[in-house]
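User: I am new to this structure. Could you take me through it in short questions and answers?

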Amino acid sequence: MKILKKVAAAAIAASLAFTLCACSSSGGNAKEGSVYWLNFKPEIAAQVKKAAQSFTEQTGISCTVKTAASGEYEQTLTSEMAKDNAPTLFNVNGPVGLKNWQDYCYDLTESELYENLSDKSLALKGSDGAVYGVPNTVEAYGIIYNNAIMNKYFSSEKKKTKYSSVSEINNFTALEEVVEDMTAMKDYLGIKGVFANTSMSAGNQWRWQTHLANMPFYYEFKQENPQQSTVLTGLKSAQVKFSYADSFKNIFDLYINNSTTQPKLLGSKSVDDSMAEFALGQCAMVQNGNWAWGQISGVKGNTVKKEDVAFMPIYTGIEGEESQGICIGTENYFAVNNSADEDDIAATMEFLNWLFNSETGKKYVVNEFGFIAPFKTFSEKESPADPLAKSALDWMNREGVSSVEWTFACFPSETFKDDFGGALLKYVQGQSDWDSVVKAVKDSWAKQYKLVNG
Amino acid sequence: MQKSLKKYFPVFALPTVAAFCVSFLIPFVMGLYLSFCKFTTIKKVSFVGIKNFVAIFADEGFLNALWFTVKFTVVSVITINVLAFVLAYILTRGLKGTNLFRTTFFTPNLIGGIVLGYIWQIIINGVLKYFDVTITYSAKYGFWGLVILMNWQLIGYMMIIYIAGIQNIPKDLIDSAAVDGAGRLKTLTNVTIPMVMPSVTICLFLTLTNSFKLFDQNYALTDGAPNGETQMLALNIFKSFYNTSGSKGTGQAKAVIFFLIVGVIAFIQLVATRNKEVEN
């Protein structure tokens, strides 16, 4: 009798526990499922692992993380998705990536994650209007400068320009004057060049064929349709005029002619080289984004002080650019695998909510990942402490300044970017003139658009 | 004996046949099918007919890559085999330190292609620095860089095969040639070369297919720069597979054509050189 009672009690307790967790999520049972996150950012691989561990400790749901090597995400994702144990949580890099993966994305329209997004327009929507990707961070890029070197210039008596601080540089003409004067004084300033090298080796051209290329296309698509997001306009453009090619040339020429490295040798330089030059104080400026702080501070013997580092917009000589800010956007969208088990999907949702809602999760996001998280659940205090993220937030909130969208999300394919980069490489090596760059860009866009859109 | 062989044949052959099926035959057949499909992962595919094959020939990148590959293959097959044979010939003369030299020449073959590619990129860029350019400056540099790299890597291996071939020539043949009054050159052209034809077959086959299928070295050394002009077929296939969304099917179709080309060339070569082999 006693035994029977015990058994009954245990059974009741068990069923109670079961109903309790069953309530916590709709559809599948999160406790039964597991999370498999294929992480996109190799620079935070260790931190992501730690977060997954602490999630498992707190909830008992198992969570595996795998990080794809730099530049290998698409390959890794393709092979992982074909397996039986496919990732439940993966990264889509924007509308072009979504085209490839939409059939595999779970509809997130009803999710808490989307609900908490501070600006709903940031979400990645499919052609059917449903939400398939939610950004996990907002990133910014522009020209990073070292204020210590800039101030040395501005306080020098030998300078020939009228400017006396970085804040007075608010268009291309000013930037050009200052940079060229600085180049003339580079021995005095103790630098090898004003800009870090324009890295052009294979796999290291994205700062130019993607990020810098953003500027002319942002203005082109904005001119075409000022009401609409430039990304949407771009996605529908079968052809481009590249009408702001000259402004691209302005800034690109400024980069390569005032660089630490002479143009013909740029073909062997990498982004790491650039960031090292900046960290060691061999140059005053470098074009990159807030993710680069880890790289700068990680260089051995670096001389750059935290408080001296900040962003400046990329001025290219376009009318009215005095009110232009830095480039703000993202290419990191979380997507959930719709062909995963219901339990696994529930577990993944649970994980996402934990990451962006719970105190522990948020701490990881802000302090360890260094994400500027675009969610309502994050207070103003909960933002990363590194100087570039701070500078980015400062630019985002500045009055009278409008940020530049990440228009490059609409570039038709990686091959387009490679073609653009290849043309630039020939140009810097002096083997072709600027017109052939313009032609290559236009041709490649038309061709790739046709390939991708059939 | 015969009977028990027959009886146990399946037992002994099964593991290999199974492995061959799983890792080669099945993927191959699937690959053939996929070349007629549009797909992102092989779990969800839709049949599109010959559209993928049509798309290939609209893509001048593929034809350029094909032409570059052919040029590269011709040059490297000739240089590798000639140099390997010369080395093998010298190192079977009984010179001092022969073993040391053989080992040294063979070592590069033990290093992986990707690593070699990056190492040679540094070396070549280091040299070209004196001329204020880099390997990406012109397709010519990339081409010769690849040829040098492949020579450096494969000569040692081919040399070993030639050495084995030369050592297998019966001594009496050489002796009788000498008795007949043949000089060194005559012996080489009329005795040694015909007798090592089996090695030539193998070496030609290996260098031909290796050069044609080259990927790692190409990827690491130039990655197709400048402007895809030094892109070989395998790299071109890889890039259309991953770099343009929705063109995985086209990449797969390219791979099928690639297979056919390599297959046909290798077959022709085997038949042609087999005919020249002398029965011992």
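User: Before we go on, how are residues and chains labelled, and which parts of the predicted model count?
Analyst: Residues are numbered from 1 along each chain as its sequence is written, while chains are lettered from A and ligands numbered from 1 in the order in which they are written. Local features need pLDDT of at least 70, side-chain atom pairs count only at pLDDT 80 or more, and totals for chains, interfaces and linings use all residues; side-chain values use heavy atoms, leaving out hydrogens and water.

User: How many helices and strands are there in chain B?
Analyst: Helices (H or I, at least four residues) and strands (E, at least two) are DSSP runs, numbered from the N terminus. Along the sequence, chain B reads α-β-β-α-α-α-α-α-α-α-α-α-α-α. The count is 12 helices and 2 strands.

User: What percentage of the residues in chain B is buried?
Analyst: Buried means under 20% relative accessible area, exposed over 50%, and partly exposed in between (1.4 Å probe, protein chains only). Chain B has 280 residues, and the buried part is 44%.

User: How far apart are the mean positions of the positive and negative charges of chain B?
Analyst: Lys and Arg count as positive and Asp and Glu as negative; His and the chain ends are not counted. Each charge is placed at NZ of Lys, CZ of Arg, CG of Asp or CD of Glu. Chain B has 22 positive and 11 negative charges, and their mean positions are separated by 9 Å.

User: Which residues of chain A does Tyr137(B) contact?
Analyst: Tyr137(B) sits in the loop between helix H5 (113-128) and H6 of chain B. Contact means heavy atoms within 4.5 Å. Leaving aside neighbours within four places in sequence, Tyr137(B) is in contact with Pro226(B), and in chain A with Gln429(A) and Gln431(A).

User: Is Tyr137(B) buried or exposed?
Analyst: The relative accessibility of Tyr137(B) is 19%. Tyr137(B) therefore counts as buried.

User: How far is the C-alpha atom of Tyr137(B) from that of Ala225(B)?
Analyst: Tyr137(B) and Ala225(B) are 88 residues apart along the chain. Their C-alpha atoms are separated by 8.3 Å.

User: Is the peptide bond from Ala225(B) to Pro226(B) cis or trans?
Analyst: Pro226(B) lies in the loop between helix H10 (216-221) and helix H11 (233-242) of chain B. Asp223(B) is in the loop between H10 and H11 too, with a positive phi near 55° although Asp223(B) is not glycine. For the bond from Ala225(B) to Pro226(B), omega is near -5°, and the bond is cis.

User: Which residues does Ile169(B) touch?
Analyst: Ile169(B) is in the loop between helix H6 (139-167) and helix H7 (171-179) of chain B. With 9% relative accessibility, Ile169(B) counts as buried. Not counting residues up to four places away in sequence, Ile169(B) touches Ile174(B), Val191(B), Thr192(B), Met195(B) and Val196(B).

User: And which residues does Thr201(B) touch?
Analyst: Thr201(B) belongs to helix H9 (residues 197-212) of chain B. Thr201(B) is buried, at 2% relative accessibility. Again leaving out residues up to four places away in sequence, its partners are Gln269(B), Leu270(B), Thr273(B), Arg274(B) and Glu277(B).

User: Why is chain A as compact as a globular protein of that length?
Analyst: The secondary structure of chain A comes to 19 helices and 11 strands. The globule rule, 2.2 Å times the number of residues to the power 0.38, is compared with a radius of gyration taken over C-alpha atoms. For 454 residues the rule gives 22 Å, so chain A is as compact as such a protein because its radius of gyration is close to that, at 25 Å.

User: How far apart are the C-alpha centres of domain 1 and domain 2 of chain A?
Analyst: Domain bounds come from an automatic or database domain assignment. Chain A is assigned domain 1 (24-138 + 330-378) and domain 2 (140-328 + 394-453). The contact takes 8 residues from domain 1 of chain A and 15 residues from domain 2 of chain A. The two C-alpha centres lie apart by 31 Å.

User: What is phi of Phe242(A) near?
Analyst: Phe242(A) is in the loop between helix H11 (230-235) and helix H12 (245-257) of chain A. Phe242(A) is buried, with a relative accessible area of 3%. Phi is positive in this residue other than glycine, near 55°.
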